[in-house]
2 protein chains.
Amino acid sequence: MLQDAVSPQSNSYRLGSPAPPAGAVRQRADNVSFSQQIAQTLDLIDAAVPLHRRMVRAGDCIYQAGERFGSLYVLNSGFFKIVNLNADGREQVTGLKFRGDWIGLDGIADGYHACDAIAMDTGEVWVIRYDAFLEAAVRAPALLRVLHAAMSCEIAHDRNALMSVCTLPADARVAEFLRHWVESLAKRGMRTDEITLRMTRAEIGNYLGMTLETVSRALSRLARDGVIAFVEKGRREVRIPDLQALAGFAQRYAAASLH
Amino acid sequence: MLQDAVSPQSNSYRLGSPAPPAGAVRQRADNVSFSQQIAQTLDLIDAAVPLHRRMVRAGDCIYQAGERFGSLYVLNSGFFKIVNLNADGREQVTGLKFRGDWIGLDGIADGYHACDAIAMDTGEVWVIRYDAFLEAAVRAPALLRVLHAAMSCEIAHDRNALMSVCTLPADARVAEFLRHWVESLAKRGMRTDEITLRMTRAEIGNYLGMTLETVSRALSRLARDGVIAFVEKGRREVRIPDLQALAGFAQRYAAASLH
DNA sequence: CGCCACTTTGAATTAGCTCAAATTCCGTGG
DNA sequence: CCACGGAATTTGAGCTAATTCAAAGTGGCG
């Protein structure tokens with residue numbers, strides 16, 4: 001699928017020995033500490049920035065495309081989806097968000113939000129006036145690093161998503177989606193052996209750039225291979241007996257698509 | 001292609017009357033003022049932040065995946081590509097950058113860059129130590145807004161890219177790619193009736209999530225339809241007689257893909 | 001209990017991919 | 001200046017992964 005002719009200097013030697021201890025750092029920090037880190041960050045924000053707490057329920061909209069930007073939002077609990085809309089009527093789920101994530105960042109640049117943010121469950125959102133945040137940040141520069149890290153993460157994540165869509169076949173994309181969802185839960189100290197998909201097949205497909213039928217078939221195949229299992233009664237609950245197997249599945253397909 | 005069943009509350013009424021003056025704002029600011037705005041921003045940075053100027057030539061690498069993050073980079077001139085790499089060897093062009101753009105933002109979060117940034121032409125890059133920037137920002141908060149705007153833009157742009165890949169057929173994606181390239185040049189006050197593609201078909205295809213053959217065919221079709229024309233001798237120079245026609249082409253396909 | 005939304009599965013279709021061959025361009029060296 | 005060779009591009013011809021269309025199955029909820 002991919003041509004490796006991207007650039008003369010783009011060879012795999014770069015993935016070899018000299019460079020990235022990044023992975024090592026990530027592994028050292030286990031999920032417990034990830035979860036603690038999120039808690040600490042939330043504490044810091046709570047302590048240093050004036051904020052308004054808002055409870056939301058499934059289906060509630062945090063902000064809508066076209067709305068004037070004024071606030072950033074930090075998610076304290078719940079599950080959220082980001083839905084982008086464009087002028088010609090296309091729409092797409094471009095992100096899924098959890099506790100500790102920031103949303104509304106897309107509105108800073110031109111003063112208007114470019115997407116909808118919708119709750120998929122009950123939860124609590126912290127509303128932070130952007131101006132108030134900037135003032136607070138001058139007094140407590142640590143806040144800046146927190147915000148910048150959040151934006152940086154978002155950028156890195158969006159690029160990974162683009163890469164998945166462009167370089168992985170459908171089955172691997174679905175596997176990767178599940179793997180990433182589980183990873184997100186794990187980092188927040190939540191249960192990961194059994195997960196609840198809070199989206200319909202159509203939404204998942206929209207998010208991953210495929211049709212609902214393809215999602216359904218991919219899930220069926222994953223189940224047939226024993227990589228996942230559906231919990232009795234109801235196809236929104238998925239059991240993941242072996243996370244390694246799931247990761248391996250995605251990996252194997254990724255490798256296959258290289259030649 | 002897309003199922004509209006993304007969510008109960010996701011209907012097109014939102015695209016109607018009440019909300020977005022965003023478009024109006026964008027139109028009022030014409031390209032001249034865009035160009036001036038970029039110049040002003042660069043002046044502001046130059047005045048308030050300690051920076052190092054670096055000249056680069058085609059093929060030069062600004063930073064590489066795996067490298068320790070320490071600096072942000074502001075592009076003063078030239079053309080650049082962002083190439084993401086991941087552990088299993090897949091690689092993809094995930095961004096194209098011009099004068100006024102910031103790069104290196106992806107490294108803030110975990111302290112390591114996740115991509116390569118490569119010059120596609122001679123140009124000048126301003127290297128800014130992140131720590132130095134934060135210090136300067138406390139004294140001149142306008143700097144913060146500039147950085148945040150850049151990051152916000154990046155996020156919005158990446159999501160649009162994801163949306164293009166997921167919702168547009170190949171021909172429309174290529175047309176959209178050209179349109180966006182031209183728009184970027186226009187905002188910087190550069191020539192737009194004739195543009196030089198600084199990438200091979202393979203690179204364009206990689207960026208757009210399709211093969212080089214598909215890019216070639218799409219360009220041929222665009223040329224056959226008179227939406228673009230190849231300048232004599234050399235298929236890297238493209239003439240765009242009518243930008244509206246190009247935009248219309250992409251638009252038409254987008255609309256078609258909705259039903 | 002029955003409706004409705006969601007899901008699954010099958011069969012046919014197709015957009016885009018792969019493979020292959022011909023062509024053009026460009027730099028390099030004679 | 002021209003000839004040559006390698007890289008990039010174009011175009012054609014099958015092939016395949018994913019889509020579309022269709023029908024049946026399932027579960028949740030009033």
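A:Phe79, A:Phe98, A:Phe177, A:Trp181 and A:Tyr207 make up one aromatic cluster. The model is predicted. Over all chains, a search of the whole structure finds 16 aromatic pairs.

**Aromatic pair in chain B**
- B:Trp102 and B:Phe133 form an edge-to-face aromatic pair. Their centres lie 5.7 Å apart, with 85 degrees between the planes.
- The pair links distant parts of the chain, 31 residues apart. B:Trp102 sits in strand E6 (residues 102–103) of chain B, and B:Phe133 in helix H3 (residues 130–139) of chain B.
- B:Trp102 has a relative accessible area of 5%, so this residue is buried.
- B:Phe133 is at 0% relative accessibility and therefore also counts as buried.

- Helix H4 (residues 142–167) of chain A meets helix H4 (residues 142–167) of chain B, their axes coming within 10 Å. The axes cross at roughly 20 degrees.
- H4(A) is therefore roughly parallel to H4(B), since angles under 35 degrees count as such.
- The crossing of H4(A) and H4(B) is left-handed.
- Residues of the contact of H4(A) with H4(B) comprise 16 nonpolar, four polar and six charged.

**Loop aspartate in chain B**
- B:Asp88 lies in the loop between strand E4 (80–85) and strand E5 (91–97) of chain B.
- B:Asp88 counts as buried because its relative accessibility is 18%, and the limit is under 20%.
- The B:Asp88 side chain makes a polar contact of 3.0 Å with the side chain of B:Asn86.
- Another polar contact, of 3.0 Å, joins the side chains of B:Asp88 and B:Arg90.

Key
Residues numbered from 1 in each chain as written. Chains lettered and ligands numbered in written order. Predicted model: local features only at pLDDT ≥ 70, side-chain atom pairs only at ≥ 80, totals over all residues. Heavy atoms only, no water. Axes fitted to C-alpha atoms, helices over the stretch in contact; angles between N-to-C directions. Helix = DSSP H or I, 4+ residues; strand = E, 2+ residues; numbered from the N terminus. Parallel < 35°, antiparallel > 145°, perpendicular 65-115°, else oblique. Left-handed = near helix turned anticlockwise from the far one by under 90°. Nonpolar A, V, L, I, M, F, W, Y, C, P; charged D, E, K, R; others polar. Buried < 20%, exposed > 50% of the residue type's maximum accessible area, 1.4 Å probe, protein only. Polar contact = N/O pair within 3.5 Å; in protein donor to acceptor, adjacent residues only side chain to side chain. Phe/Tyr/Trp six-rings, centres within 6.5 Å; stacked < 30°, edge-to-face > 60°.
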